Amino acid sequence: MLRRCINSEVLYSHGRLSTRLRRHTTTTTASTQTTDPFAVVAPHLSSLRTSLLPLLTSGHPALSELTKYYFQHPSKQVRPVLILLFSLATNGLGSDWAHKKWHSETLGAGGREDELDKSLSRPDVLNDWNPDMQRYTRDFRLRFDVHGAQEEGKATEATSRIDLQQETKPVLTHSLLPTQLRLAQIVEMLHTASLLHDDVIDESELRRGAPSAPAAFGNKLSVLGGNFVLGRASAMLARLGDEEVTELIAGVLSNLVEGEILQMREVKVDGEDIQQGASSTAATSSLSSSSALSSVEDLMPSSTQFSPLTRAAWAIYLQKTYLKTASLMAKGARSAVVLGGCKDGEPWKEIAYAYGRNIGIAFQLVDDILDYEHASSTLGKPGGADLQLGLTTGPALYAWEEHPELGELIKRGFEGGGDVEKARNLVLSSSGVERTRALAQEYADQALNVLEMLPDSEGKRGLAGLVERVMRRKN
């Protein structure tokens, strides 16, 4: 299933797009210039964060405080930046751009952006009370009026799509649609909801240099808060009005869960069970070695070599990395391009997915490196957290090849006395960190390669700059 999850969405191997897609290329350059990705979308980023907070308000003050907690702390905002940059880099290229632009700007009477906040049904049917959005929500009432007020009149597609059938040459518009801005918020909400759940599962005490939500509010409220954020994000997703985007983002939610469960499972190497997480003993089944080994080829760059000893462990690690980290970036980028009017058969959706998939895996590899390189004051979370959770990441897998005794520590999930410190020292005395960084650079290079198929624009240069930011980051 995991192999199908990855392969069925990809029309390229090892980050290279197919010849069929290359026929659509309008501009190809030997190398892509870079610019500060955050500077390109700075005006939108600040407004996205401030306009998002009212969307998270609940009729319960404690829930409102919790759901806004992580959004009020500094974050890297890589995911919303990726969404906005790909929108800037492709809007106008898709054959359905004119229709998508019309639909995005006329979602309700008057064509106001705040129509995205309006419920698809009557407020009392939605019954999701938000004090900050009283126009579109209603608190609980004992009596329901069957003959309630009718919806405000809305412009119909038949009367409004007058000039949309005219043939126009694809030209970048260098603009963003309200639906794409909202998608950036939805993606950040999904990421934050996953953090709320992960911090409960991992028993994390720190997040972004401050007490984690479970430490500040307790486990129960953190789990419920994560569910609440997912619920609000789902309603916002429905209002975008695009079936493909709904399917893509819904798939991300499934991937996040699959990735978390995969992290708990075991893999058999040379007849022995090698644990991948502190909770692996609770797993009811092991990942099939044949499934793991066959699918790892689809995730590893073609130039990468790995030991037979760690081959199956790499398969689990990279699949988990795709499901928990890269999926949201890949499918989020693809969704942004879909909202911009790109259809099947056009290359832009495939480019977006390939870029997001590669930069997402590179991002996680760098994150796993930082867990060994920096102290908690730099990361905003406990140093060596992965080892303490029993997780075997890239640096440890490479170190295992050089220090076979590391295998015993991995096998028992670093649960023995002194295991965490011993494993950390073995990794740091090996070339594991350097080799993982080189692997991350391979994925980063693949992300840059697919960008060459896009016409030159500030958005494209920002996407190239984002790859550099990911590789240089220290927290």
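This report covers the fold, salt bridges, cavities and selected residues of a predicted model.

## Basis of the model

Residues are numbered from 1 along each chain as its sequence is written, and side-chain values use heavy atoms, with hydrogens and water left out. The model is predicted: local features need pLDDT of at least 70, side-chain atom pairs count only at pLDDT 80 or more, and totals for chains, interfaces and linings use all residues.

## Overall fold

The protein chain has 23 helices and seven strands. Both are DSSP runs numbered from the N terminus: helices are H or I with at least four residues, strands are E with at least two. Of its 475 residues, 54% count as buried. Buried means under 20% relative accessible area, exposed means over 50%, and partly exposed lies in between (1.4 Å probe, protein chains only).

The accessible surface of the protein chain is about 20,200 Å². Carbon and sulfur atoms hold 51% of that surface. Areas come from the Shrake-Rupley method with a 1.4 Å probe; for residues, only the protein chains shown count as cover.

## Salt bridges

The whole structure holds 20 salt bridges. Each is a side-chain nitrogen of Lys or Arg within 4 Å of a carboxyl oxygen of Asp or Glu. One of them joins Asp36 and Arg469, at 3.0 Å from N to O. Asp36 sits in the loop between α2 (19-22) and α3 (37-40) and Arg469 in helix α23 (residues 458-472), so this pair ties together parts 433 residues apart in sequence. Asp36 is partly exposed at 33% relative accessibility. Arg469 is also partly exposed, with a relative accessible area of 33%.

Arg49 pairs with Glu188, their closest N and O atoms being 3.4 Å apart. Arg49 is in helix α4 (residues 42-52) and Glu188 in helix α10, so the bridge ties together parts 139 residues apart in sequence. Arg49 is buried at 17% relative accessible area. Glu188 is buried too, at 5%. Lys100 and Asp242 form another salt bridge, at 2.3 Å from N to O. Lys100 belongs to helix α7 (residues 97-105), while Asp242 lies in the loop between α12 and α13 (243-264); the two are 142 residues apart. Both are buried. Elsewhere, Glu244, Arg334, Asp344, Lys349 and Glu350 are linked in a network of salt bridges.

## Cavities

Rolling a probe the size of a water molecule over the atoms shows where empty space is left. A cavity is a set of points, on a 1 Å grid over the protein atoms alone, where a 1.4 Å probe fits but cannot get out; lining residues have an atom within 4 Å of a point. Grid points are joined across faces, edges and corners, and a volume is the space filled by probe spheres set on the points.

There are four cavities of 30 Å³ or more.

## A surface patch

Val125, Phe144 and Val146 make a nonpolar surface patch of about 300 Å². Patches are made of residues with over 30% relative accessible area and no salt bridge; like charges are joined within 9 Å, and nonpolar side chains (Val, Leu, Ile, Met, Phe, Trp, Tyr) within 5 Å. Phe144 lies in the loop between α8 (123-126) and α9 (157-160). Phe144 is partly exposed, at 45% relative accessibility.

## Individual residues

Gln77 has a phi near 55 degrees, a positive value in a residue other than glycine. Gln77 is placed in the loop between α5 (61-67) and α6 (78-90). Its relative accessible area is 21%, so Gln77 is partly exposed. His174 has a positive phi as well, near 55 degrees. His174 lies in the loop between α9 and α10 (178-201). His174 is exposed, at 52% relative accessible area.

Asp386 belongs to helix α18 (residues 385-388). Asp386 is buried, with a relative accessible area of 12%. Beyond its neighbours within four places in sequence, Asp386 touches Asp368, Asp371, Leu391 and Thr393.

Note on methods:
Contact means heavy atoms within 4.5 Å. On a 1 Å grid over the protein atoms alone, a cavity is a set of points where a 1.4 Å probe fits but cannot get out, and a pocket is an open set with protein on both sides within 12 Å along at least five of seven lines; lining residues have an atom within 4 Å of a point.
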